[in-house]
Amino acid sequence: SLTDLKNAFSGKKGVIVANGPSTKSIDFDVLKASNAITFASNRVSLLYESTSWRPHFYVCFAVGPLKHKE
């Protein structure tokens, strides 16, 4: 339940990681070590080959149906 998360991260820093060319300038090792709560969306998984960082929360926004490459 989302109500279980209410105030669970009170007082902690939060970072939203978007998609796009600006992610090339982020040092994800520093972000991981910062203990900030991170939120990411959509194609953030494309970064996984180059870092061990993973977001605490992941959201996917889609206008139409999602289709996987086979």
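Strands, as I use the word, are DSSP runs of E with at least two residues, numbered from the N terminus. Ser-41 lies in one of them, strand β2, which covers residues 37-41. I shall return to this residue after an overview of the chain.

Please keep in mind that the model before you is predicted. The mean pLDDT over the chain is 86, and 89% of the residues reach at least 70. If we compare the elements, helix α1, residues 28-33, has the highest mean pLDDT, at 93, whereas strand β3, residues 57-59, has the lowest, at 89.

Let me turn to the architecture. The chain contains 1 helix and 3 strands. Read from the N terminus, the order of these elements is β-α-β-β. The chain has 70 residues, of which 20% count as buried. Its accessible area amounts to about 6000 Å², with 56% supplied by carbon and sulfur atoms. As for contacts between residues at least 6 apart in sequence, 21% of them link residues at least 24 apart.

Which residues make up the largest nonpolar core? There are 7 of them: Val-17, Phe-28, Leu-31, Ala-40, Val-44, Leu-47 and Trp-53. I would like to examine two members of this set.

The first topic is Leu-31, which belongs to helix α1. Leu-31 counts as buried because its relative accessible area is 13%, and the cut-off for that class is under 20%. Beyond its neighbours up to four places away in sequence, Leu-31 touches Val-15, Val-17, Thr-38 and Trp-53. Two of these partners, Val-17 and Trp-53, are also listed in the core. One further distance concerns Arg-54, which is 23 residues away from Leu-31 along the chain: the two C-alpha atoms are 9.9 Å apart.

The other member is Ala-40. When residues up to four places away in sequence are set aside, Ala-40 touches Val-17, Trp-53, Pro-55, Phe-57, Tyr-58 and Val-59. Among these partners, Phe-57, Tyr-58 and Val-59 fall within the range of strand β3, residues 57-59.

This brings us back to Ser-41. Is this residue buried or exposed? Ser-41 is buried, because its relative accessible area is 14%.

I now move to the surface. Leu-2, Leu-5 and Phe-9 form a nonpolar patch there, and their accessible area together is about 300 Å². Leu-5 sits in the segment before β1, the strand at 14-17. With a relative accessible area of 37%, Leu-5 is partly exposed.

Where do we find Asn-7? Asn-7 is in the segment before β1. Its phi is near 65 degrees, a positive value in a residue other than glycine. Asn-7 is classed as exposed because its relative accessible area is 62%, and that class begins over 50%.

Asn-35 occupies the loop between α1 and β2. Although Asn-35 is not a glycine, its phi is positive, at about 65 degrees. This residue is exposed as well, with a relative accessible area of 59%.

Note on methods: Residues are numbered from 1 along each chain as its sequence is written. This is a predicted model: local features need pLDDT of at least 70, side-chain atom pairs count only at pLDDT 80 or more; totals for chains, interfaces and linings use all residues. Side-chain values use heavy atoms; hydrogens and water are left out. Helices (H or I, at least four residues) and strands (E, at least two) are DSSP runs, numbered from the N terminus. Buried means under 20% relative accessible area, exposed over 50%, partly exposed in between (1.4 Å probe, protein chains only). pLDDT is the predictor's confidence in each residue, from 0 to 100. Patches are made of residues with over 30% relative accessible area and no salt bridge: like charges are joined within 9 Å, nonpolar side chains (Val, Leu, Ile, Met, Phe, Trp, Tyr) within 5 Å. Accessible areas come from the Shrake-Rupley method with a 1.4 Å probe; for residues, only the protein chains shown count as cover. A salt bridge is a side-chain nitrogen of Lys or Arg within 4 Å of a carboxyl oxygen of Asp or Glu. Contact means heavy atoms within 4.5 Å. A nonpolar core is a set of buried Ala, Val, Leu, Ile, Met, Phe, Trp, Tyr and Cys residues joined through side-chain atoms within 4.5 Å.
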